[in-house]
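Please open the structure in the viewer and keep the selection panel at hand.

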Amino acid sequence: MGISKNEHIAIIGGGAFGLSTAFELSQQGYTDITVFEKDTEIPSRWSAANDLNKIMRAEYEDPWYTELGVEAAKKWQTPLYAPYFHRVGYLNCVSGAGTQKAINSMNSFKAAGEAHPEIKPWVYTVSTRQELQDICWQFNQGEMPGWKGYFNRYDGYVHSANALRGIYRAARSNGVRFFLGERRGAIQEIVYKGTGSSKKSVGVKTKDGQFHAASLVIVATGAAASKIVPEVGARVSAKSWSVAHVRLTDEETAALRGIPVTYARDLGFFFEPDPKTNLLKLCPMGGGFINTNPATGVSEAPEGVQRFVPPEDERKMRELLRQTLPYLADRPLVEKTLCWFADTSDSDFIIDYLPETGSTVMVLSGDSGHGFKMFPIVGSWVNNLLNAPEGKQIEKRWQWRTNKPNDGSASQDDVSWRVGDVQELRDITPSVAKL
């Protein structure tokens, strides 16, 4: 069984997995929880979830994950989370130039939605330009050549940064402590006592030199996990995808209210514009970028924030707009960045204790670019593990594994929805990576 509810729990990382865990455990009666976050505020600039929006898609090729997606979708509709959920639907297609892999991926997601009794009534096949424009009249200027796929009204998107703010407030109201900033909130190391089978964590040391005793340390630092727990590098690769925005006028934003999340699996996707900032967010589809440390062979997130997107990704985003909202295709792309996340070769999460630490260190990682939709329920997985029989993770796919190294280069080959090749960051911008 897990620790008692009055023992100290130290959570490293104030992003999606860390905040969800802190809040849920506080709801379950744990009374001594501290979150350590190296940024000076939440949402943290280092969190992949510090973003305008993330797709809330319930259907997965794997029925087990689909059930989790449905559970999360229901939680997003409860009073605490509902302000951040926008059920505008999800248009999942492939353009006429799409590869067979992209077509197969789209069809597998469609089949998954049609196979689930709660999702099936919301799924519609689309195969003509007229059907696409019947779904979204705002596309009436777009040719959308050869687009085929499906529209799922069950899905939509969530305003991720605002959701982080909301749960941060809720966790603080429940008594969770937050230490923020490069001194009090940045972790220098996890402190251990003993060796071998008797090795256990006794807490953490922050960069200001202070030691914080804790019965359990939970590492939830996303793409930076291997910097605190080097063993994670065998399973998790820091990876990034491009993100950019088009800034609209008030009138243009109003005209696009309610458009579905629109995804051409060979080009990328975009969301309805944010009414507060007038920003329309775009992401190109591709294998992503890694930043391999030559000394370790592990991909690590750079220290700095990258304010650029590669030319090929910009071309994809502009082509996506040209086919759907052509009047925006040549607009300046603003607030460009690379969004770093923790990727696993099979796209499964890691929710388990670090081996040989006597259940004193838990690792939450491997969001793999699809984790934020699960934000309302991640903490329940941690609570389940704390109360699991014999203190072990019973879900095999989330267990700690040491025999499957991950250098990031092959992960798109093992995951059908990844379309494109993985590239090294230094190959596209030699001066950007800073290990």
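A residue is called buried here if its relative accessible area is under 20%. The model on display is predicted.

**First selection: helix α2.** Select residues 63-76, which form helix α2. At the start of the helix, display Asp62: one of its side-chain oxygens comes to within 2.9 Å of the backbone nitrogen of Trp64.

Which residues of α2 are buried? They are Tyr65, Thr66, Leu68, Gly69, Val70, Ala72, Ala73 and Trp76. Their packing partners are the strands β3 (54-56), β4 (85-86) and β8 (156-158), together with the helices α5 (160-173) and α9 (375-386).

**Next selection: α5 with α1.** To see the contact, show Ala16, Leu19 and Phe23 of α1, which meet Leu164, Ile167, Tyr168, Ala170 and Ala171 of α5.

**Last selection: a sheet.** Now turn to an open sheet of 3 strands, ordered β10-β11-β12 and paired in the antiparallel sense. The edges are held by β10 (187-193) and β12 (211-213); each has a single partner strand, so one side of each lacks a neighbour in the sheet. Neighbouring strands are turned by 30° against each other on average, direction ignored. Strand β11 (residues 200-206) pairs with β12 over 3 bridges, and Phe211 in β12 is the bridge partner of Lys205.

Key:
Residues numbered from 1 in each chain as written. Predicted model: local features only at pLDDT ≥ 70, side-chain atom pairs only at ≥ 80, totals over all residues. Heavy atoms only, no water. Helix = DSSP H or I, 4+ residues; strand = E, 2+ residues; numbered from the N terminus. Expected span 1.5 Å × (residues − 1). Buried < 20%, exposed > 50% of the residue type's maximum accessible area, 1.4 Å probe, protein only. Contact = heavy atoms within 4.5 Å. Polar contact = N/O pair within 3.5 Å; in protein donor to acceptor, adjacent residues only side chain to side chain. Pairing = 2+ DSSP bridges. Axes fitted to C-alpha atoms, helices over the stretch in contact; angles between N-to-C directions.
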